[in-house]
Amino acid sequence: MIAIKNGRIITPTEIIENKVLLVEGDQILGFANDTQGVGKVIDAHGRFVAPGFIDTHSDKIEQFICPRPTSQLDFELAIKECERILLMQGITTMYHSLSLFKGEFFGKSPLRTKENVLKIADLIDSLHSRNHLIHHRFHLRIEIDNLEAYDIAKSMIEQKKVHQISFMDHTPGQGQYKNLEIYHKVITGYRGEEVNKIGFEGVLNYHQTKDFLSFEQLKEIADLAHANRIPVASHDDDCEKKLMISRELGVGISEFPIDLETAKRAKEMGFHTVVGAPNILLGGSHSGNMSAAEAISENCADILCSDYYPSAILHSIFIMHEKHNIPLTDMINKATLNPAKAMNIEAHCGSIEIGKTADILIIDVLDGYPVITHCLVEGKTTSRIEYRRTL
């Protein structure tokens, strides 16, 4: 048994002090008044004790596999290095988000091919029978103009290689890229070869005539996902009409609604709404869309994900608490219990409650910045650091 003493324990509704948190095996046993009879004691020294973060959307693994455009590392080496860093950022469950793109307007990525998406999915599926540190999950992002994705997605779901799917449409003039000037800036920055060949006008012409997966095909994929208890998300919703279509498809999660009005409507319609934590660190969207901080303040953002910068979750929690006066319990829930509910795993994780899996963080605030000093996954101390100060 493990006891964590002298911590400020963050539960879904309150912060508990002057209690000892007990862990037995891989589960949270309960609370006690002292550590009497406990074999191993962790002293939190007045720090916060919180559940491990559940990151529902992050493509960080791509940066570990391809740190440079011409450098592709061994996939398993990359994921093992990635998970060590994720631990110290508080992420104990990661939904690695891999995309099935058709075009190369966002640059040619070897990781967005059918072969490598399947390879990463197979790797994640196999990790849990071998040595690993965190809970790895696979989030399949389906670009709806990729007709090949229909058969790929169905097969991966049937093989139980997928833990979340999302439907994406990066067509310029709507969604994330309603503003064509921003779209031009983004694809120019990615330096995709297709853009260089046909020019920006050629890109726009291509998008006006391309084919899409049909509503019936998307509905079939979504129904198959639900039959396997796999959550389904939409991406970059920009109006009520899109939300209504998503509702007909059976989508339950709205990732990155692009304006406050759409986020509010999504919330009213019962969608789990997701915002990116880097948006908070940057003070706004890098695509010129909705402010995540404003959405949280207006109570229409349920979930924080890291998107592309995993450490942003921890920092954004404390920024919103300290600068925007959002209760710390509410902010922690947006990275733990709320995503657990959206991913259909809240029965066994996502909060510090009796009987749940002991994925636990100890968080300090040093020099004004939050840091993870201890991380437990399934009751095992997987990471511990102590900062030093030279006098």
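User: How many cavities of 30 Å³ or more does the structure hold, and what makes a space count as a cavity?

Analyst: The structure holds 2 cavities of 30 Å³ or more. A cavity is a set of points, on a 1 Å grid over the protein atoms alone, where a 1.4 Å probe fits but cannot get out. This is a predicted model, in which local features need pLDDT of at least 70 and side-chain atom pairs count only at pLDDT 80 or more, while totals for chains, interfaces and linings use all residues. Residues are numbered from 1 along each chain as its sequence is written, and side-chain values use heavy atoms, with hydrogens and water left out.

User: What is the volume of the second largest cavity, and which residues line it?

Analyst: The second largest cavity holds about 60 Å³ of space, where a volume is the space filled by probe spheres set on grid points that are joined across faces, edges and corners. Lining residues have an atom within 4 Å of a point; among them are Ile28, Pro51, Ile54, Cys349 and Asp359. The lining divides into 5 nonpolar, 6 polar and 1 charged residues.

User: Why is Thr56 called buried?

Analyst: Thr56 has a relative accessible area of 1%, and buried means under 20% (exposed is over 50%, partly exposed in between, with a 1.4 Å probe and protein chains only), so Thr56 is buried. Thr56 lies in strand E8, residues 53-58, a strand being a DSSP run of E of at least two residues, numbered from the N terminus.

User: Which residues does Thr56 contact beyond its neighbours within four places in sequence?

Analyst: With contact meaning heavy atoms within 4.5 Å, Thr56 touches Tyr95, Ser97, His139, Gln164, Val274, Ile303, Cys305, Pro339 and Met343. His96 is 40 residues from Thr56 in sequence, with the two C-alpha atoms 7.7 Å apart.

User: What makes E3 and E18 edge strands?

Analyst: The open sheet of 6 strands runs in the order E3-E2-E7-E16-E17-E18, with mixed pairing. Strand E3 (15-16) and strand E18 (380-384) each pair on one side only, and these are the edge strands.

Terms used
Pairing = 2+ DSSP bridges. Helix = DSSP H or I, 4+ residues; strand = E, 2+ residues; numbered from the N terminus. 1 Å grid on protein atoms, 1.4 Å probe; cavity = no way out; pocket = protein on both sides within 12 Å on 5 of 7 lines; lining within 4 Å. Nonpolar A, V, L, I, M, F, W, Y, C, P; charged D, E, K, R; others polar.
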